[in-house]
Amino acid sequence: SFLDSYSMNPEIQKAGLLNKTKIAEGGRKLRKNWNMSWVVLVRNSLMFFKDPKTQSPSSWKPGNSQPESSVDLRGAQLQWANELSSKKNVFKLRTVTGNEFLLQSETDSLIRDWYSTIRRVIDRLDRE
Ligand code: I3S
């Protein structure tokens, strides 16, 4: 299962299910399309995988599954963005290349944990 590979992979700093939509690509605005995504933080990257619940269980093999997309956190900007959605608990992540994502959870503590974890990675990279 995903959790097995999570506990067996010491490079994974954090992983969990979040609601995600990409709202810009290279600075160009995109139409919102919210989907649940497995978000995995490994070193300096945030990786997005398809929600295993939307796949057949047999097709979900994290060891060999490719992320849908991956975000380099170096130079990224992070901010709470509740004004950008009718949903609660939304933050925006913007990469140096102008890709923008909204991430959201109904669970306050969970989204705050993600925010502060990503914040720490970005701040550490800024100091390097
Ligand atoms: O900010 P927007 O454009 O009002 O976002 C909503 C729309 O993208 C909507 O899709 P359609 O325009 O295809 O109907 C989505 O279903 C909503 O979820 C979006 O708003 P929220 O407030 O959920 O981010």
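**Rings, a charge and a ligand**

Reader: Why is F91 called buried?
Author: F91 has 0% relative accessibility, and buried means under 20% relative accessible area, with exposed over 50% and partly exposed in between (1.4 Å probe, protein chains only), so F91 counts as buried. A word on the source: this is a predicted model, where local features need pLDDT of at least 70, side-chain atom pairs count only at pLDDT 80 or more, and totals for chains, interfaces and linings use all residues. Residues are numbered from 1 along each chain as its sequence is written, and side-chain values use heavy atoms, with hydrogens and water left out.

Reader: What makes W80 partly exposed?
Author: The relative accessible area of W80 is 33%, so W80 is partly exposed.

Reader: How do you know that the pair of W80 and F91 is edge-to-face?
Author: A pair of aromatic rings is described by the distance of the centres and the angle of the planes. Rings of Phe, Tyr and Trp (its six-membered ring) pair if their centres lie within 6.5 Å; planes under 30 degrees apart count as stacked, over 60 as edge-to-face and the rest as tilted. The structure holds four aromatic pairs. In the one formed by W80 and F91, the centres are 5.7 Å apart and the planes stand at 80°, so the pair is edge-to-face.

Reader: Why is the pair of W80 and Y115 called stacked?
Author: Their ring centres are 4.5 Å apart and the planes are at 15°, so this pair is stacked. Y115 itself has 15% relative accessibility, so Y115 counts as buried. Ring pairs link W80, F91 and Y115 into a cluster.

Reader: What makes K14 lie over the face of W114?
Author: A charge sits over a ring if NZ of Lys or CZ of Arg is within 6 Å of the ring centre and within 35 degrees of the ring normal. K14 lies over the face of W114, at 5.1 Å from the ring centre.

Reader: Which residues are around the ligand?
Author: They are R31, K32, W34, S85, S86 and K87; a residue is near a molecule if one of its heavy atoms lies within 4 Å of it.

Reader: How do you know that K32 has a polar atom by an oxygen atom of the ligand?
Author: A polar side-chain atom of K32 lies 2.7 Å from an oxygen atom of the ligand. For R31, an N or O atom in the side chain is 2.8 Å from a ligand oxygen, and for W34 the distance is 2.9 Å.

Note on methods. A polar contact is a pair of N or O atoms within 3.5 Å; within protein, one must be able to donate a hydrogen and the other to accept it, and residues adjacent in sequence count only if both atoms are side-chain atoms.
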